[in-house]
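Subject: Structure for you to look at

Dear colleague,

I am handing over the structure below, together with an account of what was found in it. Please read the account with the model open beside you.

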Amino acid sequence: MNDDIVILPCETRAREFDAKLLLACHLAESGLPTIVGAKKVIDKMATSLPRGLYIGKSMTVRSATVLRMLRRLGFTVTAWDEEGLVWATPELYRLTKLDAQALQEPSCIFAWGEANAAAIRDHPSFTDAPLHLTGNPRTDLLRPALRGLFNGQTDDLRARYGKFVLINTNFSRINHYYPGESHLLNLLEAQKHKQGQSSDPKLGMAIHKKTIFEHFLKMVAAVGEAFPDITVVIRPHPSENHATWIEATRHCSNVQVLYEGNVVPWLMAAAVTVHNSCTTAVESFLLDRTALAYCPVTAEAYDHPLPNNLSIQCQNLSTLLDWIKQALVDSATLDAQHIQQRKDLARHHLASYDGATSCERLVSVIHQLKKQSVQSRPPLLTRAVGLSTAYWRKAIKKRIEAQLPGHRNNTNYLRHMFPLTSSADVEYQIQRMGSQLGRFQKLRIKELTENVFMIQ
């Protein structure tokens with residue numbers, strides 16, 4: 001048993017892994033060995049892992065069972081919300097991203113910033129667990145000290161595509177990789193067969209999101225047609241169905257639908273980025289790059305104000321095309337008069353916007369947690385018999401689901417979300433991060449199983 005171990009599960013390789021690997025290096029260098037890798041694999045092997053501090057990536061209804069089992073197995077359970085930065089309203093965020101039971105499990109919660117913390121704090125089931133404003137290591141990668149990590153990839157993208165337009169989409173709940181997981185679209189389909197008005201607030205969100213999606217299908221083709229000599233890259237959300245976008249632009253030879261690697265070099269290489277309510281706009285702002293928010297219809301209850309307010313907002317296709325043209329000729333820039341307001345907005349949402357990095361803040365808090373009294377563990381018999389039986393029953397269920405076509409636990413889908421990563425890949429990335437920061441030379445990497453690594 002090693003109480004100094006920290007466990008960092010990652011669901012999406014391209015979005016989370018580099019940032020959590022960076023945090024793992026900081027933790028290991030400070031004396032805390034860290035396990036980092038694919039969440040599904042880590043959760044499956046939990047009964048054989050050393051009982052350390054587990055940082056859950058979300059507090060949704062799906063997370064509740066795993067967090068509860070891990071706590072009862074003797075882990076110190078903490079959590080942050082990978083999707084806690086960008087949301088429409090605090091009320092909708094609490095409804096869709098925070099589960100009452102999941103909030104009962106963490107001994108403390110790490111928040112992106114004050115806005116995220118306030119939304120969690122106001123949940124009726126919040127238990128007064130300590131809330132630490134740490135930011136998220138993903139933003140550390142965007143600081144000048146580490147941007148050089150992406151220079152080679154950025155140069156390669158510019159060499160491949162020249163000046164290009166990047167369109168980021170985030171319609172997984174309308175256009176999921178597996179149609180059965182398109183929850184908002186399925187909600188709309190189910191409502192067609194019901195009589196009367198529904199009071200479900202998700203229905204309004206579904207209608208709005210589907211409307212934006214339909215506008216985007218037309219917009220991507222229009223951009224391709226308007227700039228036939230410029231490459232247009234559509235980068236779907238990792239859970240989206242690419243075929244939908246390929247079909248919408250099949251007559252445009254200059255449009256490509258690609259999901260390759262970390263989004264950061266794409267943001268750095270693009271002449272301009274187009275989105276609607278997407279986290280990549282916040283990342284563009286932190287990289288000093290310009291993003292255009294395409295907002296042909298708006299709804300205060302469902303649009304995400306942070307990314308849209310950090311962007312140049314375009315209410316119609318004509319305005320969007322004008323801004324893209326300007327970006328391709330020179331550069332589309334934010335109004336200098338509003339730069340300070342945007343910086344203040346960013347600080348409210350991102351604790352690590354400036355000052356100490358997120359990794360530095362997290363290492364400090366985690367060491368404080370280690371100094372506190374060791375979390376009491378359930379009786380051995382409870383853990384060994386009742387809980388282990390329940391955990392293995394759940395594990396067996398997931399093994400069955402791994403073989404089911406169209407299921408979110410299907411092996412092919414999980415490999416799509418977290419492609420095979422070798423220890424050599426991890427060593428190379430740590431060496432690159434270390435060379436940028438002048439540290440991490442004494443770290444050792446051990447592959448525990450496929451896509452799971454110990455950094456110490």
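Predicted model: local features only at pLDDT ≥ 70, side-chain atom pairs only at ≥ 80, totals over all residues.

Two strands are taken to pair here if DSSP finds at least two bridges between them.

The protein has 20 helices and 14 strands, and buried residues make up 54% of its 456 residues. Of the contacts with a separation of 6 or more, 71% are accounted for by residues 24 or more positions apart.

Strand S10 (residues 272–275) is joined to strand S11 (residues 291–294) by three bridges, and the two run parallel; Thr273 has Ala291 as its bridge partner in S11, while Val274 stands opposite Leu292. S10, H13 and S11 together make a right-handed β-α-β unit. S11 also pairs with S12, in the parallel sense and over three bridges, and there Leu292 stands opposite Ile312. Which residues of S11 are buried on its two faces? Ala291 and Ala293 are buried on one side, and Leu292 and Tyr294 are buried on the other, so that both faces of this strand are covered. As a general point, the side chains of a regular strand alternate between the two faces of the sheet.

Strand S3 (residues 53–56) and strand S4 (residues 76–80) run parallel and are joined by four bridges, with Tyr54 opposite Val77 in S4.

With strand S1 (residues 6–10) it pairs in the parallel sense over five bridges, and Ala38 in S2 is the bridge partner of Cys10. The chain crosses from S1 through helix H1 (residues 13–29) to S2, and this β-α-β crossover is right-handed. With strand S14 (residues 452–455), by contrast, S2 runs antiparallel and is joined by four bridges; Ile35 stands opposite Met454 there. Why can S2 be called largely enclosed by the rest of the structure? Five of the five residues of S2 (residues 34–38) are buried, that is, under 20% relative accessible area, so the strand is largely enclosed.

Turning to the nonpolar cores, the largest has 63 residues, and those with the most contacts inside it are Phe110, Phe164, Ile430 and Ile455. H1 gives the most to this core, with nine residues. Apart from it lies another core, of 35 residues, among them Leu184, Met219, Val232 and Val272. If residues up to four places away in sequence are not counted, Phe164 touches Leu157, Ile230, Thr231, Val233, Trp266, Ala269, Ala270, Ala271 and Val272.

Finally, there is helix H16 (residues 339–349), in which Arg342, Ala346 and His349 are buried. These residues cover an arc of only 65° around the axis, which puts them on the same side of H16. In general, an α-helix has 3.6 residues a turn, so residues three or four places apart point the same way. What covers the buried residues of H16 includes helix H5 (114–121), helix H13 (279–286) and helix H14 (305–309).

With best regards

How values were computed. Residues numbered from 1 in each chain as written. Heavy atoms only, no water. Buried < 20%, exposed > 50% of the residue type's maximum accessible area, 1.4 Å probe, protein only. Arc of directions from axis to C-beta. Contact = heavy atoms within 4.5 Å. Right-handed = clockwise from strand over helix to strand, strands pointing away. Core = buried A, V, L, I, M, F, W, Y, C linked by side-chain atoms within 4.5 Å.
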